[in-house]
Every structure is written in C-alpha cells, then in structure tokens.
Amino acid sequence: MVKIDYLIIGSGPSGIGAALGLERDYLVLESSYEIGGFSSTIELNGAVFDLGGHSFHTPHPEIKELVYSSIEMHEQKRDAQCFHDGELIQYPFQKNFNSLTNTQIVNECRQGLSACDDGKNSAHFEEYIERRFGFGIAKHFMLPYNRKLWGRDLRRLAADWTGERVAAPLGIGEKFETEGGNRRPLQSDTVIAYPAKGGFGEIFKALGKRVKNIEFGKAVEAIDFKRKIVYTTEKQAYKYKYLISTIPIIKLVNIIQDIPPHFIEISKNLDFLSLKLGLIVINHPVDTPIQRIYSAEDIIPAHKIALNHNSSDYLRRLPKHGIMMEISEGPEKKILRNDMEKWIIDSLLKVRIIKTISEVEKIYLKEAKFAYPVPTHNRDSIVDNIQTWLINEDIYSVGRFGQWAYINSDEAIFRGFKIGREISSMA
C-alpha cells in the first residue's frame, strides 16, 4: 500500500493546479496516459484540434504568470463572428446587430433595446435574456442560440452566472478584466493568448513538467473514506491524509463506499451537457482570419465553430488546418440526422469557411459526455450540501465538474492551486 499525505485524482487543469499549490508530499493519479483532461490537444491527419476550442485569458495575474513562465505564448486580438440570416457580423450579436443588412431585424433589435433593463433578479435565464436585451435581440439571436446550445428549456437555468459569460448589449461599455480576479465576458477586441507552438494542451504539458509525482493509467474504482484509502481498478491501494478529487462530483459520490445515500440521491439532480465534436481536416493552410463563429440557426448543426489554426502564427503556417464544431445534445434536443458529415460540409459552405467540398479531407466525430455543467437553480445548494460532508471527511472536490461550475481552464487551475495551498497550510 502506498502512503501519501495528499492524493489528487485527475491531472486536468484543477488537478495540476492543486499539485502546484501543494508543492510537496503529493501524488496525482491519472486514469489516461496524458495530462490536461478536456484541455488536451489531438492531431489528426496533420491538423491540430483542441477539444472544445480553447484560448487563454484570465483575470488572475498569478495564473498568467505561472503559464507565461512555463511556456512561450502568442497574443492577439480575438476575431469572433456571428452567423445570422446569411451574414457574418462581429461578435457579440447584441453589440453588433446594426451591421446586418436586414433593416427589419435591425429595427426590431433597436426597439427592444429601448425598453430593456439590467435583468437583475430575473427568475430564470429566459427572463434575463428578454429583460436584458429586449424582444428583438432575444427573438433573433439570444433565445434561439441558447436553446440550441443548452438543449433545454431556458427557464430551468438560473441567471446568476450571466455576469461572467454573457456580454452586455449595445451602448453598455465592458472590458475583459485581467487583474480583477473575477471573469467578465469576452469582447470583440479582447486580447487572448495561445501557445506559440502546438495546441492548447501544450500549456498543461509545460505545467505538468512541474508536477513531480504523477502516475498514469490509474483509474480510481473505490474510496474507503473511513480508512482513508483509494483503490484503483488494478486493485492498488493508496492511503492518504487529504484527498483532492477533480472527477465529476456525481461520479465521486458513487465510488465512495458507505457514503450516506442522501448524497447520491441529490447528486442525480445535477445536470450536464454533452457534445458531439465535429473535427474537420481541411487540406490546405487556414485562409481566413476568423477564429470563432457562433450560430443560432438550425441549418447549422453547431452553435460554435472554432478555426483552431488561427490561434497562432505557427498553426497558420501548417499545410493543413482543423475546424472544430461543437454540436450539443440535451433532453429537448437530439441529433436525429444520420447524414452528419454532409450536414457539416453543407454548413461550412453556408458560412463560407470553405468554398468547395474538395477542401474537406476527413471528418471525425467525437463524443464528449461531460462538456458543460448546466447552471440549474439548485446546483449550488446541491454541491454545497455534498461538499460540506466531503470536507468533513478530508475530501475536496474541485474543478469544472468537481464544483459543477461553468468555468474555464484558467479558473480551474486557480481553484485547484488555491485548494492546494489551503490544505498544505493546515498541516
């Protein structure tokens, strides 16, 4: 039996952060053979893909310093577009709808804005959209886009997360904070960063070099919280003093032996979004400056299209490039078509990212079960209830799905690092 003071499950962003925060007497168990989790990168037929489409931007100066001191980064302004009514306009739609040539849509958006308010204390996300942006913007983009993304009745979603994610409408100035500690929505001119060479996963490979004690291929099967022992699928045992878990909290409670059944039952009410990822290999270098395209229209399968090779000059020079499409599924939205590849190609032609079918070399479809935690009204109370019990047993659950929080990789690093420092200070 291995004995260790601090045992970490998972080497995604929050697991790496926890290890760097602890600095000593830790061991990381990783079920796969690669560091980075959902922030890792894959290469297919010479094209580079990030799973989900990533860029680095953070309101935490210490996390920026950590990343920039570990790897060379490339900075540039973000070029994101919205596809609507056959046109591409600057992102976000609610600030740039005036660019549309359809005057009826523009007028409806303007009229709606004249009667909107700040949306504070909205009962649910749908009400927030209607109050914050008015009927025009809600009708033409914000409601159909979010229904397409979440695949759920938007009244099931709370509105308390919108200040970090949803850009304000036209006429309200905003700036992405780089020192405030709190995330703000990305803007059309936000400066983002990306590894100067390779994919987004290179960040975590670089940070991983600072993680001195990690074992790969170690999937955790059971946790005996009374004896403080973790068992892997290979029946190896690890005795710990403190346990940090970065796996989804709904999985965590189901592998803890003799956990009060109440916690398993309430965890079933936590909702998550799954994705189909369309990974398209294009047989020539990237030939547009656009980095992201957002679409609310049903004729386009994806809500987000990421042109990954516009993330750095290095990727732009490669002889092929990769396009990633996020296609969501939900209880009220199923991908029923059996001609996914044709649908994907047709949509790329419609948004004018490719000119001919012959440019597409290969299409891969990949499943991503845990992609976004759904911000339902009860998720905080459920997670707080479970976390209180876990912490009392010296178990800490952290990360996007460890805390069921709609956060990016930089925030996951920060939260893991913070937990590591807090636990090490108690020793």
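The largest share of the lining of the second largest pocket, 5 residues, comes from helix α12, and α12 (379-392) and α6 (162-165) each supply at least two of the lining residues. This is a predicted model, in which local features need pLDDT of at least 70 and side-chain atom pairs count only at pLDDT 80 or more, whereas totals for chains, interfaces and linings use all residues. Residues are numbered from 1 along each chain as its sequence is written, and side-chain values use heavy atoms, with hydrogens and water left out. Helices (H or I, at least four residues) and strands (E, at least two) are DSSP runs, numbered from the N terminus.

To stay with that pocket, its volume is about 330 Å³, and among the 18 residues that line it, Arg379, Asp380, Trp404, Ala405 and Tyr406 are the closest to its centre. A pocket here, on a 1 Å grid over the protein atoms alone, is an open set of points where a 1.4 Å probe fits, with protein on both sides within 12 Å along at least five of seven lines, and lining residues have an atom within 4 Å of a point. Grid points are joined across faces, edges and corners, and the volume is the space filled by probe spheres set on the points.

Buried means under 20% relative accessible area, exposed over 50%, and partly exposed in between, with a 1.4 Å probe and protein chains only. Asn45, in the loop between β3 (41-44) and β4 (47-50), also has a positive phi, near 55 degrees, but Asn45 is partly exposed at 34%. Most residues other than glycine have a negative phi, and most peptide bonds are trans. The peptide bond from Tyr91 to Pro92, however, is cis, with omega near -5 degrees.

Finally, the cysteines: how many disulfides are there? The count comes to 0, a disulfide being a pair of cysteine sulfur atoms within 2.5 Å. The sulfur of Cys109 is 11 Å from the closest cysteine sulfur, in Cys116, and is therefore too far away for a bond. Cys109 is buried at 0% relative accessibility, while Cys116 is partly exposed, with a relative accessible area of 24%.
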